[in-house]
Amino acid sequence: MPKFNAESFSDFVASRRTTRDFLPTPVPQELIDTLLTDAMTAPSWSNTRPYLVATAQGEVRDRISKEFLARWEQASKALGGGFLAKAKLFVTRYGLPTSDYKVNRVYPKVLQPRSARVGAELYALLGIDRKDQKARQAQWARNYEFFGAPVSFFIFTHSGLGEYSVSDAGLFMQNLMLSAHAHGLGTCAQGASAVWADAVRKEFEVPEGYKLLCGIALGYPSDHKVNGFNADRLPISDIKLKNK
Ligand SMILES: Cc1cc2nc3c(=O)[nH]c(=O)nc-3n(C[C@H](O)[C@H](O)[C@H](O)COP(=O)(O)O)c2cc1C
């Protein structure tokens, strides 16, 4: 068993942060394959690896981004608009979610403050007023250009294993994101990339039974201030159950 430095591991995992602004610099295919190989060392339910990964780059990436942005434009008009904009969305259905999993959920009461905090702190860093709906929507729209990343992964999970597929995909994703970090790359896991699953399916051969869980934007981080954002990390006392 090789010896590893536990202290430097702690520093390493703590130093990974979500990247939300990327350089257009391409990521070599060999490096992408290294990340995927590292990701495949994650544990998996009965070693089934119940997930598939689509890698969007170049024209495919651009087409998906264009489609996402067009749908978001319709959806955001309806969200912020009056009766007519909402009626148009429901009549044309263009912009309505076509996700395999429910992406937009109401947060449970116990979790909502954590989500609100990260949102408030991120917008504060970017100088966006919480009440400025337009600026908030424009920032959210950056999801749909993958924050400028040249690569977007789309993670599909087999519905037959239910929650355990999703859990396995999470382990895979974390390995992938840590490997990217080790190679000087940045990542952003994106639930936003799973809202319009049909736009992704149009570009890849997805076998029956697989559902789109999430995207991961990948590329080299820019020096934009958003990449200096440090989301709060809860103390372990907040997640430890007490004895009865
Ligand atoms: C499954 C999943 C989906 C996410 N979706 C998004 C997203 O759509 N857009 C985004 O900007 N960040 C997204 N994030 C990033 C989280 O907001 C981020 O991980 C969290 O705030 C903690 O920050 P850190 O990754 O810098 O530690 C997602 C993270 C996960 C794990």
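**Core, sheet and ligand shell**

The largest nonpolar core of this predicted model has 40 residues, and among its members Phe 154, Ile 155, Met 173, Leu 176, Ile 216, Ala 217 and Leu 218 touch the most others. A nonpolar core here is a set of buried Ala, Val, Leu, Ile, Met, Phe, Trp, Tyr and Cys residues joined through C-beta atoms within 7 Å. A residue is buried if 20 or more other C-beta atoms lie within 10 Å of its own, exposed if 12 or fewer, and partly exposed in between, with C-beta atoms placed from the backbone. Two or more residues each come from helix 2 (29–39), strand 1 (51–57), helix 3 (58–80), strand 2 (151–158), helix 7 (163–182), helix 8 (197–201) and strand 4 (210–219). Strand 4 supplies the largest share of this core, 7 residues. Helices (H or I, at least four residues) and strands (E, at least two) are DSSP runs, numbered from the N terminus.

As for the numbering, residues are counted from 1 along each chain as its sequence is written. Since the model is predicted, local features need pLDDT of at least 70 and side-chain atom pairs count only at pLDDT 80 or more, while totals for chains, interfaces and linings use all residues.

Turning to the sheet, 4 strands form an open arrangement in the order 1-2-4-3, with antiparallel pairing; two strands pair if DSSP finds at least two bridges between them. Strand 1 and strand 3 are the edge strands, each pairing on one side only. On average, neighbouring strands are turned by 25 degrees against each other, direction ignored. Strand 1 and strand 2 pair over 7 bridges in the antiparallel sense, and Leu 52 stands opposite Phe 156 in strand 2. Helix 3 lies across both of these strands and runs at about 95 degrees to strand 1. Axes are lines fitted to C-alpha atoms, for helices over the stretch in contact (C-beta atoms, placed from the backbone, within 7 Å), and angles run from 0 to 180 degrees between N-to-C directions.

The ligand is surrounded by residues that include Arg 17, Thr 18, Asn 143, Cys 188 and Cys 214, a residue being near if its C-beta atom, placed from the backbone, lies within 6 Å. Strand 3 (residues 186–190) gives the most to this shell, with 3 residues. The shell divides into 6 nonpolar, 4 polar and 2 charged residues (Ala, Val, Leu, Ile, Met, Phe, Trp, Tyr, Cys and Pro count as nonpolar, Asp, Glu, Lys and Arg as charged, and the others, Gly among them, as polar).

Technical notes:
Contact = placed C-beta atoms within 7 Å.
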